[in-house]
Amino acid sequence: MATPTTAPGSNKYTALAAMVFAVAMTFIDQTIVSIAVPDISGELDISASAIQWVINGYLLSLSAFFAFGGRLADILGHRRMVLIGVTIFAVSSALCGATPSGDGAEAWLIIFRVIQGFGAALLFPAALAIVVAAFPLQQRGRALAIFFGVSGGLTAIGPILGGWLTQYTWRAIFWVNVPVAIIAVVLTLIAKVNPAHRREKLDWRGACLIVAGMALSVLGLQQASTWGWDSWRTWLSIVAGVVLLVIFVFVESRTEVPLIKVRIFRDRAFTIDNAVLFFGLMAFVPMFFFASVYAQLSLGQSANGAGLYLLIFFGGFVVAAQIGGRMLDKGGARRPMIGGCVLGTIGFAFWANSLTTLQQDHQWYWIVLSGAGIGFFLGPASTDAVNRAINASYGEVTGITQTLRNFGSSLSLAILGTILIQVGRGKITDSLTGLGVPRADATAAANSLMSSTAGASTSADSLPPSIRGAAFAAIQRDYAEASRVVFYGMAVALFVALCFALFHPGGKVTAEKTEPVGPVPARAPAPS
C-alpha cells in the first residue's frame, strides 16, 4: 500500500486546497507574463531575443528539472519539496519584479526566470503527488478534476490580472506570487501533510543525463526561430540532447535504483496516457501565447482585453474537467480521453478558420469547445498515468508526465512559432508591397513586426501617412492569417493525440502498482 500523504487528523480537502494555491503560481505565470511582454520590453528597453528568453528560460528550466524534482520529492518527502519549491518560486518572483533598469536588466530578469522554473519543477510533481496519495483510487478522478479545473480557472485569472496590473506596473505580475505563496504555505502546514519519505539514494548520474538532455534539446527547439532551422547550433543542441536522453534510458534500465523506472513504459495504458499528454499539450500551453498576441495585434485589444479573450477558453475547460473526472472514476480514462481529443480537434480547427473574421463574437463558441476538449482529457490522462505508478512512486511518475508535457509544449512553440514568423513575414511583405511600399522597406517592416511585440499600429506608424490606415488593416489581417495556420497545427496535434487515445486499453486501475522493479525500496514508516 502507498504511504498516506496526509497525517492523522489531517484534512485531504485542505491538502487539495493547499496544493491548488501552490501550483496556481506556476499556472498563472505561464499566461500573465505573455500579457505583460510589451510593457517589459518598453520599460527595460531589452531586445526581442531577450524577451523571448524571459518566456523560454522559465519553460527550459521547468522542462529540464521536472523528472529530477519528481524523484527528489519521493526521496525527501512531498511536503518538504512543496515548501522548498514554493519558497524558491516566491523569492525568485519577487526578484524578477525588482529587476533594475540599465545594462544588467536582461541578465537579471532571465536568471531569476530560470530559477522560477527550477522552483516550479520541484514544486509541481510533489504537489500533484500529495493530491493523488491523499485520495483513494475511486475518488482521484474527481479530486484531480478539481485540481486541474480550479488551477485552470486560476490560469484564466492570469491574463485578466496581468492586464489590470500592467496598467500600474508590469513588476506587479511577479509580486502577486508572494501572497499566493504565503497562503499555500499556511494551508500546507494546516493540512498536516505527512512528511514521510523514501530512504533511497538519488541516482545522480541519471539526474545529470536527463537534465542535460532535456536542457539541450529544448534549447535547440526554442532557439530555432532565432538561430534558424538551418543553423548548426540548432541541430547540434537538438541532436546532442536526444543522444543524451537515449543514453539516459540505456543507463536507467541497468541501474539498481534508477531515477526513473523505465519498466513502467511497458504498461500500454501508461505509455498512451503520456502520448496523449505529449501531443495534447502541444495545443494547450502554446495557445496562451499565440492567442494573446493575436488578440492584441489582430483584434486590436488591450492586454486586459486579451485576458478576457483567453477567459472564454476556460468557460469550457473548467466545466469539462469536472465531467471528465467523474467519467474517469466511473469507467476509466479511455472515454474522456477520446471524447476530449475529438472535441479539441474540432474546436481548434473551427477556431482557426474563424480567426480571419477579426470578430470575437464569431469565435467564442469554438473557443469554448476547444477548452472543453482539453478539459475532458487533461485530468483523466494525468490521473490514469499516476494511478499506474510502480510502488506508488507518485513524485517520480508525475515528474515523467510533466517532463513529456513540457517537452511537447516546447516542441510545439518552436515549430509553430517558426511557422507563424515565416508565414506572417511573407504575407505582410506582400501586402505592403501591394500598397506601394518599396520591397526592401516592406520586408524591414514585416521583420520588425514579427520579431517584436510592438503591435500593428507601431509598425504602421513607420510607413508614409497616406497608407497607414490601409497598412494597419493589412497587418491585422495578415497576422490573423498566419495565426490561422498555427491554430490548424494545434488541431493536427490534437488529432494525433486522438489516434493514440483510440488504442488505450480502457478499464480502471483497481489497486496500487506494488510490483518491485529491482530491489524493493525501503520506505520511511508512516506516522502512527
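I took buried to mean under 20% relative accessible area, exposed over 50%, and partly exposed in between, with a 1.4 Å probe and protein chains only. The model is predicted, so I kept local features at pLDDT of at least 70 and side-chain atom pairs at pLDDT 80 or more, while totals for chains, interfaces and linings use all residues. Residues are numbered from 1 along each chain as its sequence is written, and side-chain values use heavy atoms, with hydrogens and water left out.

I looked up salt bridges, defined as a side-chain nitrogen of Lys or Arg within 4 Å of a carboxyl oxygen of Asp or Glu, and the count came to 5.

I began with Arg-171 and Glu-43, whose side chains form a salt bridge at 3.3 Å, N to O. Arg-171 lies in the loop between helix H5 (137-165) and helix H6 (172-175) and Glu-43 in helix H1 (residues 12-44), so the pair ties together parts 128 residues apart in sequence. Helices here are DSSP runs (H or I, at least four residues), numbered from the N terminus. I noted Arg-171 as buried at 13% relative accessibility, and Glu-43 as partly exposed at 42%.

Next I checked Lys-427 and Glu-481, where the closest N and O atoms of the salt bridge are 3.2 Å apart. Lys-427 belongs to helix H14 and Glu-481 to helix H17 (residues 468-501), 54 residues apart. Lys-427 counts as partly exposed, at 31% relative accessibility.

Last, I found Asp-267 and Arg-388 paired in a salt bridge at 3.7 Å, N to O, with both residues buried. Salt bridges with shared partners join Asp-267, Asp-384 and Arg-388 into one network.

Methods. Helices (H or I, at least four residues) and strands (E, at least two) are DSSP runs, numbered from the N terminus.
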